[in-house]
Amino acid sequence: MRYAQGGGLTDERRQFREGIRMTAAERFALSKPSSVIAKELRVSVRSVQRWRRAWDKGGPRALRSTGPASPSRLSEAQFAVLVAELARGPVAHGWPDQRWTLSRIKTVIGRRFHKSYTLQGVRKLLIRHGFSCQVPARRAVERDEDRVTGWVKETWPQVEASRRRSTPGSSLRMSPASR
C-alpha cells in the first residue's frame, strides 16, 4: 500500500491500526460475521476477511504489527549531516548551478555515506523528513516588474473581456447530433 506522504506509517498510526485488528480479533472470538465487524470498525470487509484468515492460523499474535516495512538506510544523525551538506549548496559539491535535483542528492548520499538510493527512494526520504519539491521561478534578467504589473492590470482585462464576448454558434465544440 502506498501512502500520500511518500513513506510508511508513523509508530502511533501503526499502533492505532494494530488496535483495530486486536478489536477485530475479540469479535472473531464471538463469531460475529465479517460484514458486521467491518461496519463497526469502519474498515473494508476484505480486510476483515484477511485478518480472520490470519487469526484462524495464528491467533491474535498473527494480527500484531511487524513494524515498518523497511527501516530507513540513513539514521537520524546521518540525515542531519545530509541536511548540512545540502545547506552548503550544489556548487560546494561540484555542480555549476544552485539547483538541487534528486539525482544530485542521490550522488551526495552515495559519496558521503556510501549508501545506494533510487531516485524515488531519495524523494520519499526527503518528503518523510518534511522537504517539498520546489521549482525555482525562472525570470529574465531584463524583466521589468512595473511594466508586467501594469500589463496585468490594464491590458489583460481587455483581452479577457474580448475572449468572453462571443457570438452564439461561434464555439468550436460540436453538439452530439452534429458528429
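## The second largest pocket

This is a predicted model. The lining of its second largest pocket has twelve nonpolar, three polar and three charged residues. That makes a lining of 18 residues, and those nearest the centre of the pocket are Trp100, Ile105, Ser132, Cys133 and Gln134.

How much space lies in this pocket? About 550 Å³. If you trace the lining back to the helices, you will find that helix 4 (76-88), helix 5 (102-113) and helix 6 (119-128) each supply at least two residues.

## Where helix 1 meets helix 3

Now turn to helix 1 (residues 11-29) and helix 3 (residues 45-58), whose axes come within 10 Å and cross at roughly 70 degrees. Angles from 65 to 115 degrees count as roughly perpendicular, so helix 1 and helix 3 are roughly perpendicular to each other. Their crossing is right-handed.

Which residues make the contact? Helix 1 brings Ile20, Arg21, Ala24, Ala25, Phe28 and Ala29, while helix 3 brings Val48, Trp51, Arg52 and Trp55. Sorted by class, the residues of this contact are eight nonpolar, no polar and two charged.

## Where helix 2 meets helix 3

Helix 3 also packs with helix 2 (residues 34-41), at an angle of about 115 degrees and with the axes 8 Å apart. The crossing of helix 2 and helix 3 is right-handed.

Here the contact joins Ser34, Ser35, Ile37 and Ala38 of helix 2 to Val45, Val48, Gln49 and Arg52 of helix 3. By class, there are four nonpolar, three polar and one charged residues in the contact of helix 2 with helix 3.

Conventions
Residues numbered from 1 in each chain as written. Predicted model: local features only at pLDDT ≥ 70, side-chain atom pairs only at ≥ 80, totals over all residues. Heavy atoms only, no water. 1 Å grid on protein atoms, 1.4 Å probe; cavity = no way out; pocket = protein on both sides within 12 Å on 5 of 7 lines; lining within 4 Å. Points joined across faces, edges and corners; volume = space filled by probe spheres on them. Helix = DSSP H or I, 4+ residues; strand = E, 2+ residues; numbered from the N terminus. Nonpolar A, V, L, I, M, F, W, Y, C, P; charged D, E, K, R; others polar. Axes fitted to C-alpha atoms, helices over the stretch in contact; angles between N-to-C directions. Parallel < 35°, antiparallel > 145°, perpendicular 65-115°, else oblique. Left-handed = near helix turned anticlockwise from the far one by under 90°. Contact = heavy atoms within 4.5 Å.
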